[in-house]
Amino acid sequence: MPSIGEKLSSNLKWVLSRASELCREFGLATVEGEFLLWAIASKTGSIGSEILRKNGLPEERIKEWVIRHRIQLVPGTIPNPSTIPIVLSHDVKLLVEKSVLSANQLGHSYIGTEHLLGVVIDHIANNPQHELNSLFKEQSVSIDQIKKDVNSIMKTTSRFPEMV
């Protein structure tokens with residue numbers, strides 16, 4: 001039986017690595033949900049990225065929001081980025097765990113960007129005070145539509161083994 005690491009798609013591995021790199025680039029030590037969303041959007045060709053782009057939330061819009069809302073750049077205050085140890089926040093760890101559970105419940109043999117996007121969107125939708133709700137409002141993007149698109153993809157990909 002494959003380990004969880006072996007079940008992560010190459011796109012999802014890239015996204016998790018990219019989220020850490022983004023934090024490091026801005027001198028931050030903890031990966032929060034907005035960096036996961038930014039990294040998902042930045043993985044061209046991934047299902048998660050395509051869903052976000054289709055719904056009017058490409059990488060550039062997320063990047064601009066994160067920089068405006070989360071990053072306070074003060075010249076000369078960013079430490080040497082290569083020395084910053086990066087950790088996942090408690091919430092991000094839970095989101096990754098939930099994406100594994102989601103894939104398992106659906107009978108998928110892999111864990112992809114669509115699984116992670118689905119749990120991130122659910123988390124935001126179920127927490128009206130979550131600050132990422134302002135990103136969706138500012139960009140006039142429907143969280144419900146993204147949820148529908150993710151669910152539609154999940155149903156389709158769950159049929160792939162039956163189709164082979």
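**Helices, rings and a core**

Modeller: Let's start with Ser102, which touches His115, Val119 and Met154, leaving aside residues up to four places away in sequence; contact here means heavy atoms within 4.5 Å. Bear in mind that this is a predicted model, where local features need pLDDT of at least 70, side-chain atom pairs count only at pLDDT 80 or more, and totals for chains, interfaces and linings use all residues. Residues are numbered from 1 along each chain as its sequence is written, and side-chain values use heavy atoms, with hydrogens and water left out.

Biologist: Why is Ser102 called buried?

Modeller: Buried means under 20% relative accessible area, exposed over 50%, and partly exposed in between (1.4 Å probe, protein chains only). Ser102 has 17%, so it counts as buried. You'll find Ser102 in helix 6 (residues 90–105); helices (H or I, at least four residues) and strands (E, at least two) are DSSP runs, numbered from the N terminus.

Biologist: And what makes Ser140 exposed?

Modeller: Its relative accessibility is 66%, so Ser140 goes in the exposed class. Ser140 sits in the loop between helix 8 and helix 9.

Biologist: How do you know that the span of helix 5 agrees with what it should be?

Modeller: The expected span is 1.5 Å times one less than the number of residues. Helix 5 (residues 59–70) has 12 residues and should span 16 Å; its end C-alpha atoms are 16 Å apart, so the two agree.

Biologist: What makes the buried residues of helix 5 line one face?

Modeller: Seen down the axis, they fall within an arc of 100 degrees, so they line one face of the helix; the arc is that of the directions from the helix axis to the C-beta atoms. The buried residues are Ile62, Trp65 and Val66. They pack against helix 3 (33–42), helix 4 (47–54) and helix 8 (132–138).

Biologist: On to the rings. Why is the Phe26 and Trp38 pair called tilted?

Modeller: Rings of Phe, Tyr and Trp (its six-membered ring) pair if their centres lie within 6.5 Å; planes under 30 degrees apart count as stacked, over 60 as edge-to-face and the rest as tilted. Phe26 and Trp38 have centres 6.0 Å apart and planes at 45 degrees, so the pair is tilted. Phe26 is in the loop between helix 2 (10–25) and strand 1 (30–31), while Trp38 is in helix 3, 12 residues away.

Biologist: What makes Phe35 and Trp38 a stacked pair?

Modeller: Their planes are 25 degrees apart and their centres 6.0 Å, which gives a stacked pair. Both lie in helix 3, 3 residues apart, about one turn of the helix. Phe26, Phe35 and Trp38 make up one aromatic cluster.

Biologist: How do you know that Lys43 lies over the face of Trp14?

Modeller: The rule wants NZ of Lys or CZ of Arg within 6 Å of the ring centre and within 35 degrees of the ring normal. Lys43 lies over the face at 4.9 Å from the ring centre of Trp14.

Biologist: Last one: which residues touch the most other members of the largest nonpolar core?

Modeller: Leu116 and Phe136, out of 43 residues. Such a core is a set of buried Ala, Val, Leu, Ile, Met, Phe, Trp, Tyr and Cys residues joined through side-chain atoms within 4.5 Å. Helix 3 gives the most to this core, with 7 residues.
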